[in-house]
Amino acid sequence: MSVRHRLSEFKAGMKPTVKELKFIITRMRKSPLSIVGIAIILFFIAIALLCPILAPPGYPSQGGDPYKMPHEGWTPTPSPPSEDHPFGTTIYQFDIYYGCIWGTRIAFYVGFLVVGISLAVGLFLGIVSGYYGGAIDEILMRFTDIIYAFPGLIFAMALVVAFGRSLTSVLIALSLVGWPTYARVMRSEVLRVKQEDYVEAAKAVGCSDLRVIVKHVLPNSIYSLLIMASLDIGGIVLTAAALSFLGLGSSIGFADWGQIINQSRDWITGAPGNALAYWYTFVIPGTFIFTFVLGWNLLGDALRDVLDPMIRRR
Amino acid sequence: METLIEVVGLKKYYPITGGVFKKKIADVKAVDGISLSILKRECFGLVGESGCGKTTFGKTVIRLLKPNVGNIFFDVPSDVREEIKRLENSNNSNSSRLKKLRKQYDLSTFKGRRLKKLRRRMQIVYQDPSTSLNPRMLVKDLVGEPLKVQGLAKGRELRERVVEMLEKLGLAENQLYRYPHEFSGGQRQRIAIARAIITQPTFVVLDEPTSSVDVSVRAELLKEFQRLQKEFDLTYLFVSHDLSVVECISDRVAVMYLGKIVEVARTTELFRNPLHPYTIALFSAIPVPDPTIRRKRVLLTGEVPSPVNPPKGCRFHPRCSMAMDVCRKEEPELVDVGSEGNEHLVACHLLKSRLL
Amino acid sequence: MKENLIDIENLKVRFYTYEGVVKALEGVNLSLRKGETLGVAGETGCGKSVTGLSVLVLVPPPGKIEGGRITFKNANKTIDLLKQKESFLCDIRGKEISMIFQEPRAALNPVYTVETQLSEVFLHHRRKELIQRVLDGLEKDVKNGKGGLFYGIERSLYRRMLENSDSLYLRFVSKIPVVRRYRLRLKKEIRKEIIRTLREIEIADPERVLNMYPHELSGGMAQRVVIAMALTCNPTLLIADEPTTSVDVTIQAQILSLIRRLKEKFGSSVIYITHDMGVIAETCDRVAIMYAGSICEVADVMEIFKNPLHPYTKGLLESIPTPGKEFKSIKGTVPNLINPPKGCRFHPRCSKAMEICAKVTPKMVEVEEGHFVACHLYRGA
């Protein structure tokens, strides 16, 4: 096959995908909130990518690890924003600006990792449970119920007590407790799609179970899960920040938004006579968290609005 | 003419589970003992109302569903068939020879790879193309899937065969990269038909293929079916509740009620001379597109009974105006009451007594 | 000459969808005489359901009624339905104009029993009548000597209900535990009425059906319940939108004869929307054929079948499968109503299309008495 032929094949094959994308973009354009959501996410992606430029590492206090916030000296009092420290410093003179910028990468890391694991596990179990039904379904769903009943925060605390305080414990705890919702939703979607005529038609043609699942059931049932996942990324980051604030997450000095707020625990009440003296220690990282979660929520809503009527339209 | 498919005593039950441990409490007797034969290259019509089990029967014959009881003999040479019959009637009905023959020819024993290979020769076209075509697959993938799955073609050859089949059904090559929802109802049904016959099957079950399209498109589709039958040497099982369509396209027709066949005959004979009371009522209920004819209706009383608990004896007796005592106790068998060379089978005590 | 009950003049309906503006109805003109059954026939997407919904002013968004007039003559009043307020229309819907839909089980709310749904219709339209009946019953009881404190209380409560069912006083009283049993009388009265209606609809066992949920009913039974709901108040006009398409042939026969009998008994007029020409031949007096949003031909049912004039009508009748005859179909497909063909909307598929057909939309012309066609072939004929 000549190159030109292959190119035209490729272009023809891409046409329906292009049409789909155009449709999604036009619908998104109609709702301003979704544009705001996408803008926020893009903004944060830009920050995460440009970390080394925006806040270059290489301070001696870091000891080679760019995720440790740099500090000069060990003065416990936070100092307000100044030329050297655009966002001020928190206890022990850790630089808030640096922490917030590099915290973006951590936020993405935490969000994507936890949701990714939950999604993968939930997807697999949900499909197996929904498609095969019977005893497998019962066993898997009871197992899911047991995990569902676990309180995530307490489990994280238990892990921290067992393995010591680190971000990894938090990640493990959250991903172990996060997947049941995905499994449940996937199972109900698979149950719905399983009954459709085209699944039976695929079996009538001789498709193996695997092929039916991958090519027919999965593409039609995964949309709710994707919407849930995008809404969840924001939620997971919030939970991780909460855990860090409680002292269960990363250690002091780690570039994580929740960690920065944790460090300002003693200073939230401010100085006597001036309640907001140390506002920059928690308002600034808090704004980062808030905006990040807002962006993902808006994106999730927008996705739902776009994908649902599309399914209805079909 | 040679028999292509012979069904003997086919039963398909759906279990109803209940209770905490989901034990079986009852069965929906969708197909409750059907024996009939379909000849090569004929269009066999199967009519009945919704819930009578005709769709289940169609799907069971092509082994989309596994029958509970019964044999389905597909494309058995006549001498082997004779041998099987002989062995069955003789004393050692459990002989190994019989078992071996059954394993070879009886579809109800097929599984695994043999079943998958069988799919090449038997296919089905569903009623509603908007639900029977995966909405997220392109036309080229939909029509090419049977070939890919069966390992009959790939790459360029696959694409060529797909294009060839689409053109045979009046669809253009530039429509390969489209989704089903971009087509009209009639075109979607054509895509479904292309998908069904691309592996060049011998037998196709048409499950109410014209019920969800418009009247003007219906005639077109029926013409297509006839043309394809001649071109590809197909045998059809045309399942429908629309009697006027069945009358036009079928060679022979069977009437089904609550899981059993009540009457079988050649189309012209059946529509000219229906014998079973249910058939008579069914035919009289069709509205005729001619306002000058005011048909005398035989109105049936009551509703169709549930297939979980069909009435004892003849299943139709609670709604039959001519029910006799024996109808309440004994189930009638299919008896040939037609003249020589014009087979007309009816399952009714009334006619049996008349014959005697 | 019987007078016209409904006059639809120049009705325009547009649907504002993502893909574009769907010009669903373009200048539909239709009239229904009192006491007759008008059949509206056409294929999917021709706009017949939208026409039925427009009469009730129930076109769902993104659809909007853009123009035209629907005149409804009833009890010496002539009103334009499109110009009325929603509250007025709520009064008319169900009482003077009723509609039955295609999917009976979709028209019934799956979480309420049959009794609850039917009593809702009763309470909305015939409330005063039923309260009056309860009061009469109470008066009779008192006369017969069955006195007592409760009777007096209930009588006064019902009298208040007659004036204003929604007063604060009654709402307050309904919360008091023992006294609020006064409402049971009304419920009993409604139940009696519902059983009577169901028996009229030829349901053999009304008491059993009352407590059933819609998913427990068979298709035919559900459709009968829907018909009961539609006919509780003896409407002057019944709009039936493909009521028998989703049921079997034998049930269809039962329902058609039921509609015919009820029509004779109550003297209502019926607009019967369907695509099945056989059903039209059986039940209708006059027929209107619709194609792609406008009416092609209107005539007496005998005329239409004997002497169809419009090419679409001819094609439709010829494409009905008849044994022994070859299958004939109309070439082409139904046009996309976002960009309908200019001029006559049927001209791309018409075997007799002329040059003018692609430019000018034909107007309805009365070719013979009572036989109207919109086709350039019959201009000034």
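Helices (H or I, at least four residues) and strands (E, at least two) are DSSP runs, numbered from the N terminus. The structure is a predicted model, in which local features need pLDDT of at least 70 and side-chain atom pairs count only at pLDDT 80 or more, while totals for chains, interfaces and linings use all residues. Residues are numbered from 1 along each chain as its sequence is written, and chains are lettered from A and ligands numbered from 1 in the order in which they are written.

**Exercise 1. Backbone features of chain C**

Locate the cis peptide bond of chain C that involves Pro62(C), and state its omega.

Solution. Step 1: the bond joins Pro61(C) and Pro62(C), with omega at about 10 degrees. Step 2: Pro62(C) belongs to the loop between helix H1 (48–55) and strand E4 (63–74) of chain C.

Next, determine whether Asn10(C) is buried or exposed, and do likewise for Ala292(C).

Solution. Step 1: a residue is buried if 20 or more other C-beta atoms lie within 10 Å of its own, exposed if 12 or fewer, and partly exposed in between, with C-beta atoms placed from the backbone. Step 2: Asn10(C) has 12 other C-beta atoms within 10 Å and is therefore exposed. Step 3: Ala292(C) is buried because 25 other C-beta atoms lie within 10 Å. Step 4: Asn10(C) is placed in strand E1 (residues 4–16) of chain C, whereas Ala292(C) is in the loop between strand E9 (286–291) and strand E10 (294–300) of chain C. Step 5: neither backbone angle is negative, since phi is near 55 degrees for Asn10(C), a residue other than glycine, and near 50 degrees for Ala292(C), also a residue other than glycine.

**Exercise 2. Overall build of chain C**

Describe chain C by its secondary structure, its extent and its domains.

Solution. Step 1: chain C contains 14 helices and twelve strands. Step 2: its C-alpha trace spans about 85 × 45 × 45 Å along the principal axes. Step 3: of the 381 residues in chain C, 42% are buried. Step 4: among contacts in chain C with a separation of 6 or more, 65% come from residues 24 or more positions apart; two residues are in contact if their C-beta atoms, placed from the backbone, lie within 7 Å. Step 5: the domain assignment, whose bounds come from an automatic or database source, gives domain 1 (1–106 + 219–333) and domain 2 (114–195) of chain C. Step 6: the C-alpha centres of these two domains of chain C lie 38 Å apart. Step 7: their contact takes seven residues from domain 1 of chain C and eight residues from domain 2 of chain C.

**Exercise 3. A hairpin in chain C**

How do strand E11 (residues 365–368) and strand E12 (residues 371–373) of chain C pair?

Solution. Step 1: two strands pair if DSSP finds at least two bridges between them. Step 2: E11(C) and E12(C) have three bridges, in the antiparallel sense. Step 4: the two strands E11(C) and E12(C) form a hairpin with two residues between them, and Gly370(C) in the turn has a positive phi of about 80 degrees.

**Exercise 4. The contacts made by chain B**

Which helix of chain C gives the most to the side that touches chain B?

Solution. Step 1: the contact takes 34 residues from chain C and 31 residues from chain B. Step 2: helices H10 (219–231), H11 (249–266), H12 (277–283), H13 (301–306) and H14 (311–318) of chain C each supply at least two residues of this side. Step 3: H11(C) gives the most, with six residues. Step 4: the side of chain C divides into 15 nonpolar, 14 polar and five charged residues; Ala, Val, Leu, Ile, Met, Phe, Trp, Tyr, Cys and Pro count as nonpolar, Asp, Glu, Lys and Arg as charged, and the others, Gly among them, as polar.

Solution. Step 1: 19 residues of chain A are in contact with 22 residues of chain B. Step 3: H8(A) gives the most, with seven residues.
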